[in-house]
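Keep the structure open beside you as you read.

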Amino acid sequence: MAIRVENNVFYLETAHTLYQMKADNFGVLQHLWYGPKTDCCMDYLLDYPDVGFSGNIYEAGDQRAYSLNTMPLEYAAGGVGDFRVPAVCVTHEDGSRALDLRFRECHIKNEKYNIPGLPAVYADASEAETLEILLKDTASQVEVILKYGVLSETDVITRSVVIRNQGDTPILINRVHSLCLDIPYGDWEWVHFHGRHTMERQAERAPLIHGIQESSSTRGTSSHQQNPAVLLCEKGCTETSGFCIGAALMYSGGFQTQIERDQLDQVRVVMGVNPDTFAWTLSAGGCFYAPEVILSCSDHGMGQLSHHFHDLIRNHVCRGKYKLSKRPVLINNWEATYFDFDEEKIESIAKQASELGIDMMVLDDGWFGKRDSDTSGLGDWFVNETKLQGGLNRLVERINRMGMKFGLWFEPEMISEDSELYRKHAGWAIRIPGRNPTRSRSQLVLDMSNPEVVEYLYQVMSKVLSENHVEYVKWDMNRSICDWYTPTLPNSRQAELPHRYILGLYRLLERLTHDFPDVLFEGCSGGGGRFDAGMLYYCPQIWCSDDTDAHERSFIQYGTSFFYPISAVGSHVSAVPNHQTGRTTSMRTRGTVAMAGSFGYELDLNTLDRQEKEEVAGQVTRYKEYQSLIYNGLYYRLSNPYEENLSVWSFVSKDQAEVLVQGIVFRASSNSLRPRIRLAGLAADDSYMVPGEERVYTGRALMSGGILLPDIKGDDVSIEFTLKKAGYSEGSPKL
């Protein structure tokens with residue numbers, strides 16, 4: 001049993017961790033512990049003095065040391081004497097804003113819960129259990145149901161919340177976070193992942209201040225600027241040692257993570273839908289379902305924590321045909337042609353790609369409507385036969401005859417003012433009556449909360465997918481959202497629109513992925529602007545960034561790897577000078593960096609010389625050889641590119657028999673020692689060899705002393721080599 005209850009103490013146990021809480025004599029649900037297994041009730045650590053200006057619940061009488069403002073709480077509500085950041089706030093019909101939540105009952109289920117209308121971690125009954133705890137307000141009929149999914153073997157606990165109005169009048173939910181985690185002890189730092197378009201998920205580690213630190217988005221998407229995932233690390237925690245906690249929100253809209261270090265040096269983390277762009281009127285008898293948070297911890301450093309999330313997302317978030325299978329190596333025409341193409345150009349690129357062993361041709365923006373620039377055509381999802389004479393189907397058939405699959409770009413959520421759709425349905429665009437709309441990339445946003453919009457998009461997209469042999473869809477979304485207003489809601493409920501937008505998006509994705517199970521859907525939002533676990537539930541890979549520069553990609557992919565598996569990372573070789581930075585790097589370097597993901601190309605192969613084409617063919621062959629190891633092996637960050645002159649990573653097969661080491665050295669230095677890298681995840685007592693070399697190393701030596709890298713000449717020079725256990729043969733199982 002992963003979940004048990006003894007004397008009102010709740011034990012949630014995974015293979016290596018314990019999550020513990022307790023309903024005390026007053027019904028207050030206290031948080032006791034999250035960390036390594038202790039085989040003990042941890043309530044002995046909670047010994048609080050009478051802290052000045054910390055109020056006491058009425059039932060506590062003269063027990064002035066008993067205060068909601070000081071003790072660690074399992075789910076903190078606003079308005080009742082806990083002055084730290086709350087997880088939930090509501091407004092009652094009389095205008096009061098208070099919730100005094102007390103324990104009423106609990107239920108244990110031999111299955112993993114799901115969430116209506118929202119993505120959630122899934123698991124077989126043999127893999128997961130659910131704990132539901134019912135809390136009730138002392139003065140109203142508001143109930144809060146805390147849901148915990150325990151996946152023991154993956155060392156993951158999921159969190160979700162249901163707000164239920166059992167009263168006779170509506171309430172207004174002002175704030176509902178899915179995670180509330182109080183940590184009474186420790187000296188903590190946090191790692192968040194900030195950035196911008198073309199420079200997403202830059203890892204930043206900083207000490208916690210006294211007060212509130214926040215990572216959030218109000219953009220209608222999880223955003224390029226902040227990612228809905230956060231790490232808490234004890235000081236001194238490294239990739240291989242120390243204690244850390246990770247939390248990732250399965251939600252693709254505006255989010256908020258707040259971390260507060262209080263007057264007693266305690267830490268509280270709350271995570272959920274961003275209250276700055278959210279409010280929800282909950283009618284009598286109604287329920288509100290909050291999105292899910294994935295939670296895990298490790299006392300062996302951040303590398304192990306990443307493995308927990310990689311394993312969980314690969315096996316229990318991603319779905320469908322491609323969740324674990326190999327994926328095609330593709331060529332995308334965007335940076336080769338932009339909007340200037342016809343069927344001859346596309347067929348020419350595809351023919352060259354086919355000769356070099358590439359599996360799929362992807363036709364990007366510009367194939368539909370009146371779309372010769374980014375100022376028109378969005379919403380008109382019918383073929384532009386001026387560019388593609390004879391229609392899309394003829395082009396697809398010709399490319400299929402080359403032995404290649406065919407993929408297609410859509411940007412379903414957007415609409416151009418210069419489009420047939422806008423001329424017919426201007427009211428489907430999100431805009432505030434009486435105000436000029438805000439444009440971004442010359443486009444507006446369709447109201448995904450409107451069922452008519454969702455149905456229209458389903459019909460036009462399913463028509464294209466049904467009538468043409470399309471095996472891949474790149475789902476783009478190229479702007480942040482503002483001007484929030486919808487005619488489908490009364491004025492008093494306009495704040496529901498941002499969340500209803502996401503629910504509509506998920507409904508459309510669910511229908512399309514269900515009805516077209518053989519299509520590989522790749523998420524994209526100007527690159528990595530919606531790279532989150534919620535999107536990975538529908539799209540097993542996401543275009544990592546519009547920045548394809550190998551140098552900068554090494555930083556972007558480094559930050560991405562803390563939570564998201566390598567198989568989820570769309571990564572391509574593009575032309576040089578790079579279209580985003582102007583930097584020139586070798587074909588070898590570009591290939592090495594792009595191989596740490598779902599591999600492809602984004603350039604006109606016909607412009608390459610003979611040697612470059614041979615390199616491409618070799619890269620494709622090599623990637624296919626190692627794809628299973630890259631997708632399914634354990635991934636290790638072997639350096640920190642922010643602190644070192646290189647970015648190096650490795651993939652280790654789960655039987656520790658085979659290792660692929662890759663990386664990039666940023667800058668050569670004269671009269672210097674060769675760079676050295678300590679490997680990780682090897683069998684310490686076994687011997688390893690670099691194929692083609694006679695030298696034998698022990699795993700312990702490679703992890704302790706490391707291995708010398710080649711002498712580097714030049715800038716942004718790639719490294720790549722394999723190691724295999726002595727006696728390992730190609731017929732041996734890799735995983």
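The largest pocket of this predicted model holds about 1300 Å³ of space. Of the 49 residues that line the largest pocket, Glu239, Met302, Gly303, Tyr636 and Arg637 are the closest to its centre.

**The largest pocket**
- Which element gives the largest share of the lining? That is H1, with nine residues.
- Sorted by class, the lining of the largest pocket has 20 nonpolar, 16 polar and 13 charged residues.

**The second largest pocket**
- About 510 Å³ of space lies in the second largest pocket.
- There are 29 residues lining the second largest pocket, and the closest to its centre are His197, Arg441, Asn478, Gly526 and Asp546.

**Cavities**
- Rolling a probe the size of a water molecule over the atoms shows where empty space is left.
- Searching the whole structure turns up six cavities of 30 Å³ or more.
- The largest cavity has about 130 Å³ of space.
- Among the 15 residues that line the largest cavity, Val28, Leu68, Leu73, Tyr75 and Leu101 lie nearest its centre.
- What classes of residue make up the lining of the largest cavity? It has 11 nonpolar and four charged residues, with no polar ones.

**Helices H6 and H7**
- Two packed helices are described by the angle between their axes and the distance between the axes.
- For helix H6 (residues 451–467) and helix H7 (residues 497–515), the angle is about 25° and the axes are 10 Å apart.
- Angles under 35 degrees count as roughly parallel, so H6 and H7 are roughly parallel to each other.
- The crossing in which H6 passes H7 is right-handed.
- On the H6 side, the contact is made by Val454, Glu455, Leu457, Tyr458, Met461 and Ser462, while H7 brings Gly504, Leu508, Arg511, Leu512 and Asp515.
- By class, the residues of the contact of H6 with H7 are six nonpolar, two polar and three charged.

Definitions and conventions. Residues are numbered from 1 along each chain as its sequence is written. This is a predicted model: local features need pLDDT of at least 70, side-chain atom pairs count only at pLDDT 80 or more; totals for chains, interfaces and linings use all residues. Side-chain values use heavy atoms; hydrogens and water are left out. On a 1 Å grid over the protein atoms alone, a cavity is a set of points where a 1.4 Å probe fits but cannot get out, and a pocket is an open set with protein on both sides within 12 Å along at least five of seven lines; lining residues have an atom within 4 Å of a point. Grid points are joined across faces, edges and corners, and a volume is the space filled by probe spheres set on the points. Helices (H or I, at least four residues) and strands (E, at least two) are DSSP runs, numbered from the N terminus. Ala, Val, Leu, Ile, Met, Phe, Trp, Tyr, Cys and Pro count as nonpolar, Asp, Glu, Lys and Arg as charged, and the others, Gly among them, as polar. Axes are lines fitted to C-alpha atoms, for helices over the stretch in contact, and angles run from 0 to 180 degrees between N-to-C directions. Angles under 35 degrees count as roughly parallel, over 145 as roughly antiparallel, 65 to 115 as roughly perpendicular and the rest as oblique. A crossing is left-handed if the near helix is turned anticlockwise from the far one by less than a right angle, and right-handed if clockwise. Contact means heavy atoms within 4.5 Å.
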